[in-house]
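Me: I'm new to this structure and would like to learn how to read it. Could you walk me through it, one feature at a time?

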Amino acid sequence: MADKAADAPLAFSHKPVLLNETLEALGIKPEGIYVDGTAGGAGHASRIAARLDGGRLIALDQDPDAVRTAAQRLAAYPCAQVVQCNFRDMDRALDELGVGQVDGVLLDLGVSSFQLDNKERGFSYHGDAPLDMRMSKTGTTAADLVNTLTAEELTRIFREYGEEKFAGRIAVAILREREKEPVTTTGRLAEIIREAVPAAARRDGHPARRCFQALRIAVNRELDSLSDGLDTAFGRLKVGGVLAVITFHSLEDRMVKQRFAAFCKGCECPPDFPVCVCGKTPRGELVLRKPAAPSPEELAENLRSRSAKLRAVRKIKEDDT
C-alpha cells in the first residue's frame, strides 16, 4: 500500500514576490522555453507555465522538498518539468534534457517561507531546532561551521556575509560556549549572539538576524552559486532572451548589478585610447533601468517582500569568442 503521507502535498509556501513585474520583464512568449532556476513552491513557475502554449518550462531547485512540491503543483502543465539541481549547474541539467538556448531565466534568490517557517530546517532564529540551514539537505551544516571554525573564520563570515559590526565579539562568545558543549540548536546560537552584543544593538531588530543570514550563505555557498549561475544563465540565453533576478540583500544585489553592467559593457580599451582597438561590443542591455521594488499593496500583503529588488537584462548578441 502506498504511503499516503509521503505523497501528500507539503505546506511549501512561498508567495511569488514581484510577480507581475517579473512576468512583464521576462516578456513570456507562448512558444518560448523558460527556466525557473529557483522553483520553490512553484509560485512564479506556475504563472509562467500558464502563459505557455507550445513552449516549455524547466523548473530547477536544489531543495528536495521544493522539487516534490513543485512537481505536484506543476503537474497540470504538460509543458513543465521539474529537476533537482542547483541553478549553478543549469548547463548540465539543460544538456541532459536536450535543451539548447532559452528565451528566459528567472532566479528568485529568497529563502522560501516554508524553509523559514519549518523550524526543523534550521534557518530561523525563532524557536529552537537543529542548527542545519542546508537547502539541499546534504553536506556541511551550520552546526559544523559553528563548532569547527576558528574565531577568525567565523568573524570573517559574519562580517562579510552578514555585515555584522559585532562579528568579532560574537565569534569569541561562540568559541567560549562551545568549549562547554557543542552549539547544535538555533535557539542556543541565537541566545549566545543576543548576549554577545551590546544592549542597544538588541533593539535594532533581532540581534541574530545578520549572523544567521551569514551562516546560511556560507553553508550553501550562495554567493559562489550566484556568480557561476549568472554567467551560466546569461550564456544560455538566445539573442533577445531575458535574465531576471530577484534579490533580498545587498550582497546579492551588488553582485547582480555589477554582473549585469559587465554584460552591457562594450569597449574595454583604456580611456586614453583615441579609438577602440578591442572591438568588443555590449552583449546585453538592461530591461529595467532601475530595479523594481514591491508596491505598497504587495508590502501590505507580504512583509517578507520588503527588501526585494528585481533586475533584468536582455541578451542582444552572442558571447565574444
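**Reading the model, feature by feature**

Reply: Let's begin with cysteines: searching the whole structure turns up zero disulfides. Keep in mind as we go that this is a predicted model.

Me: What is a disulfide, in general?

Reply: A disulfide is a covalent bond that joins the sulfur atoms of two cysteines. Here, take Cys79: the closest cysteine sulfur belongs to Cys85 and is 19 Å away, so it is too far for a bond.

Me: Is Cys79 buried or exposed?

Reply: Cys79 is buried, because its relative accessible area is 18% and the cut-off for buried is under 20%. Cys264, with 23%, counts as partly exposed.

Me: Next, charged pairs. How many salt bridges does a search of the whole structure find?

Reply: The search finds 22 salt bridges. The idea is that a side-chain nitrogen of Lys or Arg sits within 4 Å of a carboxyl oxygen of Asp or Glu. One of them is between Asp253 and Arg311, where the closest N and O atoms are 2.8 Å apart. Asp253 belongs to helix α13 and Arg311 to strand β7 (residues 309-315), so this pair ties together parts that are 58 residues apart in sequence. Both Asp253 and Arg311 are buried.

Me: Which residues do salt bridges with shared partners join into one network?

Reply: That network consists of Asp63, Asp65, Arg121 and Lys137.

Me: Which residue forms a salt bridge with Asp231?

Reply: The partner is Arg259, and the closest N and O atoms are 3.1 Å apart. This pair links distant parts of the chain, with Asp231 in helix α12 (residues 222-236) and Arg259 in helix α13 (residues 250-263), 28 residues apart.

Me: How many residues of strand β4 are buried?

Reply: Seven of the seven residues in β4 (residues 102-108) are buried, so the strand is mostly covered. Now check its neighbours. Strand β1 (residues 33-36) pairs with β4 in the parallel sense over three bridges, and Tyr34 has Gly104 in β4 as its bridge partner. Strand β5 (residues 237-247) also runs parallel to β4, joined by six bridges. In that pairing Leu106 stands opposite Ala244, and Val102 stands opposite Leu237.

Me: Last topic: backbone angles. What is phi of Met133 near?

Reply: Phi of Met133 is near 75°, a positive value in a residue other than glycine. Met133 is in the loop between α6 (113-117) and α7 (142-148). With 0% relative accessibility, Met133 counts as buried.

Me: Where does Arg221 lie?

Reply: Arg221 lies in the loop between α11 (209-220) and α12. Phi of Arg221 is near 50°, again a positive value in a residue other than glycine. At 46% relative accessibility, Arg221 counts as partly exposed.

Methods:
Residues are numbered from 1 along each chain as its sequence is written. This is a predicted model: local features need pLDDT of at least 70, side-chain atom pairs count only at pLDDT 80 or more; totals for chains, interfaces and linings use all residues. Side-chain values use heavy atoms; hydrogens and water are left out. Helices (H or I, at least four residues) and strands (E, at least two) are DSSP runs, numbered from the N terminus. Buried means under 20% relative accessible area, exposed over 50%, partly exposed in between (1.4 Å probe, protein chains only). A disulfide is a pair of cysteine sulfur atoms within 2.5 Å. Two strands pair if DSSP finds at least two bridges between them.
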